[in-house]
Amino acid sequence: MRLILARHGNTFGPGETPVWVGAREDLPLTDTGRVQSVQLGLALKEAGIVPARIIAGPLQRTANGALLAAAECGFEGEIEIDTRLREIDYGSWGGRSDAEIAAQWGEAAIHDWRERSIVPAGAGWSPSPETIAANASAILQDINTAAKSADTVLLISSNGILRYFHALLGGDPRRPEESKMRTGHWSIAVHSESGWQLHDWNVPPQPAALSGVS
């Protein structure tokens with residue numbers, strides 16, 4: 001069974017100052033973000049793959065991105081909205097720029113999260129890392145239970161959530177900096193009797209990436 005995890009497309013346009021976008025910042029996709037979602041579906045179509053399931057987080061940037069990808073690849077089922085895939089609530093960091101956060105918390109706190117997956121103490125983030133990891137593990141178990149051996153499942157969420165899947169799918173837990181995923185990128189893992197094997201992480205959607213991955 002093949003699992004494709006994708007991060008939603010862009011939510012900031014040219015000239016806009018990016019801010020931390022979490023569970024409470026339900027921003028829409030930009031034109032570029034919509035194109036990235038279409039490209040995700042197009043890569044599946046060109047590889048001759050129609051997912052058996054598409055699962056997405058509830059925020060509009062993930063749910064709408066899933067609709068665009070589904071339309072492009074020919075998926076005719078119902079997109080499953082899973083609230084466990086809602087982006088992290090970044091608490092007092094939500095809606096603020098790096099410069100604003102660094103002025104209060106220091107640049108090291110931003111670096112610690114981005115490169116080491118360390119949640120800043122006292123910033124009011126939720127859920128806890130333990131809860132997110134448990135949710136990710138439960139989602140993978142749910143997918144395994146329902147999937148057939150030849151199925152492809154597409155899961156679309158946000159960077160904060162997706163990084164918790166990295167180690168569960170065979171990524172090196174000692175290298176949390178590798179768990180990040182850029183907007184519009186995907187990662188590919190395969191489940192067999194021996195467990196999960198990670199084939200790609202944080203790569204642009206290309207049909208060639210799916211060649212021989214089954």
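Biologist: Which residues line the second largest pocket?

Modeller: First, the idea. On a 1 Å grid over the protein atoms alone, a pocket is an open set of points where a 1.4 Å probe fits, with protein on both sides within 12 Å along at least five of seven lines; lining residues have an atom within 4 Å of a point. Here the lining consists of Ser-117, Arg-163, Tyr-164, His-166, Ala-167, Asp-172, Pro-173, Pro-176 and Ser-179. This is a predicted model, where local features need pLDDT of at least 70 and side-chain atom pairs count only at pLDDT 80 or more, while totals for chains, interfaces and linings use all residues. Residues are numbered from 1 along each chain as its sequence is written, and side-chain values use heavy atoms, leaving out hydrogens and water.

Biologist: What volume does the second largest pocket have?

Modeller: A volume is the space filled by probe spheres set on the grid points, which are joined across faces, edges and corners. For the second largest pocket that gives about 160 Å³. The largest pocket holds about 710 Å³.

Biologist: How do the lining residues of the second largest pocket divide by class?

Modeller: Ala, Val, Leu, Ile, Met, Phe, Trp, Tyr, Cys and Pro count as nonpolar; Asp, Glu, Lys and Arg count as charged; the others, Gly among them, count as polar. The second largest pocket has 4 nonpolar, 3 polar and 2 charged residues in its lining. For the largest pocket, the lining has 8 nonpolar, 10 polar and 8 charged.

Biologist: Which residues lie nearest the centre of the largest pocket?

Modeller: Arg-7, Val-19, Arg-114, Asn-159 and Thr-183, out of 26 lining residues. Look at the helices too. Helices (H or I, at least four residues) and strands (E, at least two) are DSSP runs, numbered from the N terminus. Helices α4 (107-116) and α6 (159-162) each bring at least two residues to the lining of the largest pocket.

Biologist: How many residues are in the largest nonpolar core?

Modeller: In soluble globular proteins, nonpolar side chains tend to be buried together. A nonpolar core is a set of buried Ala, Val, Leu, Ile, Met, Phe, Trp, Tyr and Cys residues joined through side-chain atoms within 4.5 Å. Buried means under 20% relative accessible area, exposed means over 50%, and partly exposed is in between (1.4 Å probe, protein chains only). The largest nonpolar core has 31 residues, and Leu-3, Trp-93, Leu-155, Phe-165 and Leu-169 have the most contacts inside it. Elements giving two or more residues to this core are β1 (2-7), α4, α5 (129-146), β4 (152-157), α6 and β6 (195-203). Helix α5 gives the most, with 5 residues. Another core lies apart from it, with 21 residues, including Ala-6 and Ile-49.

Biologist: What does Trp-93 touch?

Modeller: Contact means heavy atoms within 4.5 Å. Not counting residues up to four places away in sequence, Trp-93 touches Trp-20, Ile-101, Trp-105, Ala-109, Ile-110, Pro-120, Ala-123 and Trp-125.

Biologist: How many aromatic pairs are there?

Modeller: Rings of Phe, Tyr and Trp (its six-membered ring) pair if their centres lie within 6.5 Å; planes under 30 degrees apart are stacked, over 60 edge-to-face, and the rest tilted. The count is 7 aromatic pairs. One of them joins Trp-20 and Trp-93 edge-to-face, at 5.0 Å centre to centre and 90 degrees between the planes. These two sit 73 residues apart, Trp-20 in the loop between β1 and α1 (31-46), and Trp-93 in the loop between β3 (80-81) and α3 (98-105). Both Trp-20 and Trp-93 are buried. Trp-93 and Trp-125 also pair edge-to-face, at 5.4 Å and 85 degrees. One aromatic cluster takes in Trp-20, Tyr-90, Trp-93, Trp-105, Trp-113 and Trp-125.

Biologist: Where is a cis peptide bond?

Modeller: Most residues other than glycine have a negative phi, and most peptide bonds are trans. Here a cis bond joins Ser-126 and Pro-127, with omega about -5 degrees. Pro-127 is in the loop between α4 and α5.

Biologist: What is the phi of Ser-117?

Modeller: Positive, about 55 degrees, although Ser-117 is not a glycine. Ser-117 lies in the loop between α4 and α5. Asn-202, in strand β6, has a positive phi of about 60 degrees.

Biologist: Why does Asn-202 count as partly exposed?

Modeller: Because its relative accessibility is 26%. Ser-117 is partly exposed as well, at 23%.
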